[in-house]
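Trainee: Can we go through this one together? I would like to start with the contact between the chains.
Mentor: Fine, here it is.

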Amino acid sequence: METVIDIRGLTKTYGTVRALDGLTLSIPRGGVYGVLGPNGAGKSTLFRTLLGLIRPTEGEATVMGGRIGDPTSMRRMGSMIETPRFPPFMTARQVLEWLARAHGGVTSAEIDNWLQRVGLTEAANRRVKGFSVGMLQRLGVAAALMTKPDLVILDEPTSGMDPPGIQEMRALIRSLADHDGVTVILASHQLQEVQRVCDRVAIFNKGKVITEGRVSDLTASGERLRLSVTPLAKALSLLGERATLDGDAVVAAVPRAEAAAAIKALVEGGVDIEEARWIGADLEDVFMSETGWTGVQEQNRAG
Amino acid sequence: MLADAIRSETYRLSKNRTALFWSVLFIPIMGVLLATLGFVVAKANEAKLAGKLPPELMKGGPLDLGLTLVKSAGDFANPAILMFVLIGAATIYAGDYRWETWRLISARNTRPNLLIGKVAVVALVIVLATFAALISDVIASLIQAAVFGRPITFSMTGAAATDFGLLTLTSWARILQFTMLGLLGAVVTRSLLAALFAPLVIGVAQFFLPQLLMPMGVTTDGWLLPLLSPGLATDLLKAVIQGGMAATELPDHAVAKGVIGLALWIVVPFAAAVAWFNRQDLSKE
């Protein structure tokens, strides 16, 4: 598997806090790669390290084949880390003109094209001082993409955007990966968005990767059987600990290989089955279970 | 790559009209306005002020614009210009910390290139400020000639042209040196205020240094004071260039002391800023 990023034992400490804790991760070339994790999991620290903004305490990483900070590799990357900020006296077009000069090789026509793609044509000559968060995000995305990078890191690109904007951004990210051959690394708290857009994800917690894989594989492992049955109590009793009540149905965590036997047992036990269908675990379930977030919430409630 | 850094920094400054106004235009405009006011008041009270003002102001022969330029080049690096050019320089040096924009540009170039780009643009601002100051002095001279009815001439011998060039270069270097302390202040503290105040505080301390050290036996004839005080180093160079009475009292190796003193205070803060910036985490710009 060809990789764009290889990370080996990356650690970053701030005093006693380990923002990254011996992180090891390889990100393949192509597609959209999601980076998930609760606040403070180390996502932004990782991005800042990969961009050469901060120095790792230990470990090493290569980006596009070059060491972190290697100008040749870095110039093949585009990035938007958190909500971008810009010199307030500049207009949106001037911001892109300025960054185009910093990078070189971007024409005015390409700047116009990117302003149009992110929906800022009408606001192109307005000072960014009066921009909303969503508009700043759009401009940040244009700034990250206008240099035609091979690798793009987008940290919360839809934060502050309205629903149509989120949809446009999702389509843009997918199009970059599918049509322009760009590898996109995306961090977002919008788990549904990640599930829709990403091919693979890594879930971070406390500076480490706790699970990684294809979105379809991660969600398939949590696949469950949803049964509309009567009587509910009898079905629950027959299925035992594997079943939970979900409204007027029972959801059973049974592997596909055992599903027929489970249904047969229910029928033989006098349970009427109106409907049986497979439901996949969504990324939110995987995220909650991997990060232990649900447990923490329950403990808080209990406390 | 360095060209990209200079190009982008120049472009950004060109859009920052506030910084350009205060660092390049404010002092020349005020200079012309105040000079004009002074000439008009002096003319209106010519009889009362006779004998109190320098006679060459109101009377005398033709007003030589060539001499005006040479004098202006020598006086250019005055405290007012230093302070106002520093406004633009501080904005350039500390802007990316203030606006959190290092994350946008630091991956596009090497860190030394980014700082050299900033210094190059500050050097350009000083050139613009120099031109603006020279032009304002010429305008003030023309107004003076008009108010007092003096004829205007222009003479610039080869020697005067050389003096003009060397004095302009010396003044330019002195202002650049002053702003270098702002660069170091900005990088170390990530603060615009430090970029403004570090040079002012250090500059004031250096101004009083001779008075502090002389009682300890340190004289202006030695190497120590020009090396510790770039202002003094600049004065040595200007005295050498301008000649006259001051030049006859110059210490030995005055040119070397002046050049080394000035260069030291340009190179050392710059090298320290680059070294610091190279190791700096830009996690909280």
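**Chain contact, then the parts**

Mentor: The contact takes 27 residues from chain A and 25 residues from chain B. Keep in mind that this is a predicted model.

Trainee: Which elements give two or more residues to the side of chain A that touches chain B?

Mentor: They are α2 (71–74), β6 (77–80) and α3 (92–103) of chain A. The largest share comes from α3(A), with seven residues.

Trainee: And how many residues on that side of chain A are nonpolar, polar or charged?

Mentor: The side of chain A that touches chain B has 16 nonpolar residues, five polar and six charged.

Trainee: Staying with chain A, what domains is it divided into?

Mentor: Domain 1 covers 3–219 and domain 2 covers 223–279. The C-alpha centres of these two domains of chain A lie 43 Å apart.

Trainee: I clicked on V182(A). Where does it lie?

Mentor: V182(A) is in the loop between α6 (163–179) and β8 (183–187) of chain A.

Trainee: Is V182(A) buried or exposed?

Mentor: V182(A) is buried, because it has 21 C-beta neighbours inside 10 Å and the cut-off for buried is 20 or more.

Trainee: What does V182(A) touch, leaving out residues up to four places away in sequence?

Mentor: V182(A) touches P149(A), D150(A), V152(A), L176(A) and A177(A). As for K206(A), 24 residues apart from V182(A) along the chain, the C-alpha atoms of the two are separated by 29 Å.

Trainee: Over to chain B. How many helices and strands are there?

Mentor: Chain B has 14 helices and two strands. Its C-alpha atoms fill a box of roughly 65 × 50 × 35 Å along the principal axes.

Trainee: What percentage of chain B counts as buried?

Mentor: Of its 285 residues, 38% count as buried. Looking at contacts in chain B between residues at least 6 apart in sequence, 80% join residues at least 24 apart.

Trainee: How about α5(B) and α8(B), why are they called oblique to each other?

Mentor: The axes of α5 (residues 65–75) and α8 (residues 111–148) of chain B come within 9 Å and cross at roughly 140 degrees. Over 145 would count as roughly antiparallel, so α5(B) and α8(B) are oblique. Their crossing is right-handed.

Trainee: Which residues make that contact between α5(B) and α8(B)?

Mentor: From α5(B), L65(B), T68(B), L69(B) and S72(B); from α8(B), A133(B), L134(B), D137(B), V138(B) and S141(B). They divide into five nonpolar, three polar and one charged.

Note on methods:
Residues are numbered from 1 along each chain as its sequence is written. Chains are lettered from A and ligands numbered from 1 in the order in which they are written. This is a predicted model: local features need pLDDT of at least 70, side-chain atom pairs count only at pLDDT 80 or more; totals for chains, interfaces and linings use all residues. Two residues are in contact if their C-beta atoms, placed from the backbone, lie within 7 Å. Helices (H or I, at least four residues) and strands (E, at least two) are DSSP runs, numbered from the N terminus. Ala, Val, Leu, Ile, Met, Phe, Trp, Tyr, Cys and Pro count as nonpolar, Asp, Glu, Lys and Arg as charged, and the others, Gly among them, as polar. Domain bounds come from an automatic or database domain assignment. A residue is buried if 20 or more other C-beta atoms lie within 10 Å of its own, exposed if 12 or fewer, and partly exposed in between; C-beta atoms are placed from the backbone. Axes are lines fitted to C-alpha atoms, for helices over the stretch in contact, and angles run from 0 to 180 degrees between N-to-C directions. Angles under 35 degrees count as roughly parallel, over 145 as roughly antiparallel, 65 to 115 as roughly perpendicular and the rest as oblique. A crossing is left-handed if the near helix is turned anticlockwise from the far one by less than a right angle, and right-handed if clockwise.
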